[in-house]
Amino acid sequence: MPHPDLTNTKTGWEPLLVAKISKLPPALIGLMGVIAGAIGVTSFSPFHFWPGYFVSLIVFSLLILSSKTAKSACWRGTSVALGFFGAGVSWVYVSIAEYGQVGIIIAALITFAFVAVLCVFWAFSAWTSWKLIQRIPQIPASLWITLGLLLGEFARSTLFTGFPWLLPGYAIENTWLFELLPIGGIWLTSASVVLTSSVIASVLLKRSNQLMLISTLIIVWLGSAYLSYFPISWVQQTGTLKTTLVQGNVKQDEKWLAETAAKSLAYYQQTTIEHLDSELVVWPETAITYSYPRIKPYFAGFSKELADTNTTLITGIPDVSEDNKDYYNAIWATGDGFGLYYKRRLVPFGEYIPFSEYIGPILDVFGMPMSSFKRGDDNQPVLQVGEWGVAPFICYEIVYADQVRRLVRDSDFLITISNDGWFGTSFGPWQHLQIAQFRAKEAGRYVIRATNTGITAFINEKGEVVAQAPQFERTTLTAEAKAFTGITPYVQWGYWPTLLLLGLCLVFTYFNGLILKRKNQ
């Protein structure tokens, strides 16, 4: 069955716009997509210009709707993705070029390959959306684009441990939609952002069957506004904990040297002794570069001193199995607390090599150091800080909303430790901090964030940064961390509010589409 000519469906400026886009040279359309995608990065930290991402998605939708073939839609969607991810995760280049022991050309090629992999998901979304628009026209094109992109983003977030960075929902921190996080989490805000953008594109082209989606979006936006001015208290405060975060600011290329390790450990210990009036002291990821079996006997006296002052120390530390074969990135609680947590989500090419038996030799040729950390078990208990339960997350793990959600029930607050020194002065650490703010809002918990070079911060249960240390300085940050009990609807129900919203939209727009079709016959 031949596909309809999308450029001649009606008269007026709308089909004229589509026709003009269709007649542009493919290279020019691609350039337009790349520019529109790059604009989207301005919605995220540290820029916070929230309309930027809507521009990206509106152009993404317009390019799909103006495509005559699925192949054309695929390449056009890829162009927007290339601009968005090329600008949005450009900080990956910094870590590879500066610390990967490769030249700038190889670093650029690896970064481009990484961006290209991310673009595949948007290309798949564009191709799938176009196909579904043609085959099931009773459902609005805007809804198919929304479902297609969300499916692609979900795949990007889960396959091969996933990379759920710069999801659509992170673009709305400074809008009313931020209030949806305790209800449906990052996927509800993502669905709202994508649906809003695709509906705007469809309205610009006067596509039919949009009334129900427009009504849904009005309810979502106005409901978010109501929650912004009349917030609901999903959780209850149960206490406070005086906490000191120690930011060592150790240079990444010197961190694992023997002479640096000893001096760094001495600094952390001395600084902690100066803050024994705090109930909790937190050091960043791998603040201790000696292995756990080696440091534990050495720490016996120090741990006792901490316990005697009712102070708990939580620190990042590497651990090794008894046979010295398996290495773990870990968090250790000692003093007036206890627990040892192994990182569950490892960074591809940073902490482990996917398909290492195939591509490991290639990276060896390039001079890329191989990493061989093992992942921790899925069922690990929270750490204890005195009477409080602490849900621990190491670096990259804080981006996994579902992993955080599963540990919230047993925790009074959340701790994430990181070493963003890998990414220098890029905006990678700022995006990382923003993601932690979203986890705090979703969970209704304080997030305590200790990093090596910054950004060290306290984030309250509303997702607001209440205290922050400057980057690239050796310093400490002390504040009262508040403990909370209770769970938000998102912690209780997870994805279900989002699935319910999209499911209702599918059902009602489908039947409405059937009615409109009969009226037009």
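Helices (H or I, at least four residues) and strands (E, at least two) are DSSP runs, numbered from the N terminus. The model is predicted: local features need pLDDT of at least 70, side-chain atom pairs count only at pLDDT 80 or more, and totals for chains, interfaces and linings use all residues. Residues are numbered from 1 along each chain as its sequence is written, and side-chain values use heavy atoms, with hydrogens and water left out.

**The whole chain**

Begin with everything shown. The protein has 17 helices and 12 strands. Its radius of gyration (taken over C-alpha atoms) is 25 Å, close to the 24 Å that the globule rule (2.2 Å times the number of residues to the power 0.38) gives for 521 residues, so the protein is as compact as a globular protein of that length. Along the principal axes, the C-alpha trace spans about 85 × 55 × 35 Å. Of the 521 residues, 57% are buried; buried means under 20% relative accessible area, exposed over 50%, and partly exposed in between (1.4 Å probe, protein chains only).

**Helix 2**

Select residues 26-40, which form helix 2. Now colour its buried residues: Ile29, Gly30, Gly33, Ala36, Gly37 and Gly40. They cover an arc of only 125° around the axis (taken from the directions from the helix axis to the C-beta atoms), which puts them on the same side of helix 2. An α-helix has 3.6 residues a turn, so residues three or four places apart point the same way.

**Two cis bonds**

Go to Pro46, in the loop between helix 2 and helix 3 (51-65). A cis peptide bond joins Ser45 and Pro46, with omega about 10°. For another cis bond, select Gly454 and Ile455, where omega is about 20°. Ile455 sits in the loop between strand 9 (447-451) and strand 10 (457-459).

**Two positive phi angles**

Select Asn209, in the loop between helix 8 and helix 9. Its phi is near 65°, a positive value in a residue other than glycine. Asn209 is buried, with a relative accessible area of 8%. Next, pick Cys395, in the loop between strand 7 (388-394) and helix 14. Cys395 has a positive phi of about 50° although it is not a glycine, and at 12% relative accessibility it counts as buried. Most residues other than glycine have a negative phi, and most peptide bonds are trans.

**A nonpolar patch**

Switch to a surface view and select Trp176, Val203, Ile214, Ile218, Leu222, Tyr226, Tyr229 and Phe230, which make a nonpolar surface patch of about 840 Å². Patches are made of residues with over 30% relative accessible area and no salt bridge; like charges are joined within 9 Å, nonpolar side chains (Val, Leu, Ile, Met, Phe, Trp, Tyr) within 5 Å. Accessible areas come from the Shrake-Rupley method with a 1.4 Å probe, and for residues only the protein chains shown count as cover. Helix 9 (residues 211-229) gives the most to the patch, with five residues. Phe230 lies in the loop between helix 9 and strand 1 (236-247).

**Salt bridges**

A search of the whole structure finds 10 salt bridges, each a side-chain nitrogen of Lys or Arg within 4 Å of a carboxyl oxygen of Asp or Glu.

- Select Glu179 and Lys441, whose closest N and O atoms are 3.0 Å apart. The pair links distant parts of the chain, 262 residues apart: Glu179 is in the loop between helix 7 (141-158) and helix 8 (181-204), and Lys441 is in helix 15. Glu179 counts as buried at 17% relative accessibility, and Lys441 counts as buried at 10%.
- Select Asp378 and Arg344, which meet in a salt bridge (3.7 Å, N to O). Asp378 is partly exposed at 44% relative accessibility, whereas Arg344 is buried at 13%.
- Select Arg406 and Asp402, whose side chains meet in a salt bridge (2.9 Å, N to O). Both lie in helix 14 (residues 401-408), four residues apart, about one turn of the helix. Arg406 is exposed, with a relative accessible area of 54%, whereas Asp402 counts as buried at 18%.

**Last stop**

Finish at Thr425, in the loop between strand 8 (413-418) and helix 15 (428-443). Thr425 is exposed, with a relative accessible area of 72%.

Methods: Expected span 1.5 Å × (residues − 1).
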